[in-house]
Amino acid sequence: METSMEVSNTTRVQAFILLGLSTRPDLRGVLFVVFLTLYQLTLLENSLIIYLVCSHSELHKPMYFFLGNLSCLEMSYVSVTMPSLLVGLWAGPFHVPFTACMTQLFFFMSLLGTKCTLLASMAYDRYVAICRPLHYPLLMRPRVCLGLALTSWLGGLVVSIIKTACIASLSYCGPNVLNHFFCDVSPLLNLSCTHVALTELVDFISAIVIFCGTLLVALGSYVAIGRAVLRMPSAATRHKAFSTCASHLLVVGIFYSATIFIYARPSRIEAMDLNKVLSVIYTVVTPLCSPVIYCLRNREVRAVLRRALLRPRVSTAWAGVPASFHGHAHRQRGTWKKIRVWLELCYLY
């Protein structure tokens, strides 16, 4: 009898069942197409930003350095959660091994912490550029920018190691059903059969430090920018600056509101449907909107994009090619021209 009790107490869940975003078969097909399209658009937008920043010297500035880091992060961030979301919509509830679940949680928490710190760094960069323009070359020199970026990535990595280790050390004796579309903190804590007070405290403190700390830096920077903009003599300049800051604050506000509500709470969240809706906002919506708001609405980025799309092709590559192939080349160039015009209409207008 004692032996059987010991075996039952040491039994651990070997896999979890993810229910997915929706369990209704009539909705899953439509949602699969919608989210697959959003995923592809997110990858396309952020890949485009990384290409423009890396290949054009006029974008080799601190602001675009951070935007390139953000685009790289958004691609990784959305690729951690979106595949499991799409699998759940395509196949319904599915099994995820314990190790794979903890691995997904580790990468997700690491990228989430990195994004918070990176958004604060970008807000500080804009503060220095607008409020202290004469000191900008010194305060935002390449070594400082590289240090801020490395701090963002390494800080998220360290926090993720601590939080994942705490959650992985808990005992999961069953049930093993996660009412979510990826392995997140709150659903896992709800399934733990051991005392989770210490883990919840670690999760709460790290959330306060990462989320609220970086949010205060971002808000303080934007408040200082707003005060500086109000002192500008030109009404047109003030309107343009406020329009840019308002769009940035919208993305920051939506992202932080959802993440703080979920992670900066000292108790487990029971309303899993609300949890899934908020998770969609900061795992799908913000990575899709960030490139448009931060980059594609920027006049300098749009000018570079227009030149990249409409740049004439050099014909020297066809030197020595027989004339019979030239007609085919002209047809190909005509096709590429149509594609470039379509992309310009999508991203510039």
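Student: Is Cys131 buried, partly exposed or exposed, and what is its relative accessible area? Please go on from there to the other cysteines.

Tutor: Happy to! Keep in mind that this is a predicted model. Cys131 has a relative accessible area of 27%, which lies between the 20% limit for buried and the 50% limit for exposed, so the residue counts as partly exposed. Cys212 is partly exposed too, at 23%. Cys212 takes part in no disulfide, and the nearest cysteine sulfur, belonging to Cys116, is 9.6 Å away.

Now for the bonded cysteines. The structure has 2 disulfides, and counting bonded cysteines along the chain gives the pattern 1-3, 2-4. One of them pairs Cys101 with Cys183, with 2.0 Å between the sulfur atoms. Its S-S torsion is about -125°, so the disulfide of Cys101 and Cys183 is left-handed. Cys101 sits in helix α4 (residues 98-131), while Cys183 belongs to the loop between β3 (177-178) and α7 (185-191), so this bond ties together parts 82 residues apart in sequence. Both Cys101 and Cys183 are buried.

The other link joins Cys173 and Cys193, with an S to S distance of 2.3 Å. Here the angle about the S-S bond is 45°, and the link of Cys173 and Cys193 is right-handed. Cys173 is in the loop between α6 and β3, and Cys193 is in the loop between α7 and α8 (197-230), 20 residues apart. Cys173 is partly exposed at 38% relative accessible area, and Cys193 is partly exposed with a value of 38%.

Definitions and conventions. Residues numbered from 1 in each chain as written. Predicted model: local features only at pLDDT ≥ 70, side-chain atom pairs only at ≥ 80, totals over all residues. Heavy atoms only, no water. Disulfide = S-S within 2.5 Å. Helix = DSSP H or I, 4+ residues; strand = E, 2+ residues; numbered from the N terminus. Buried < 20%, exposed > 50% of the residue type's maximum accessible area, 1.4 Å probe, protein only.
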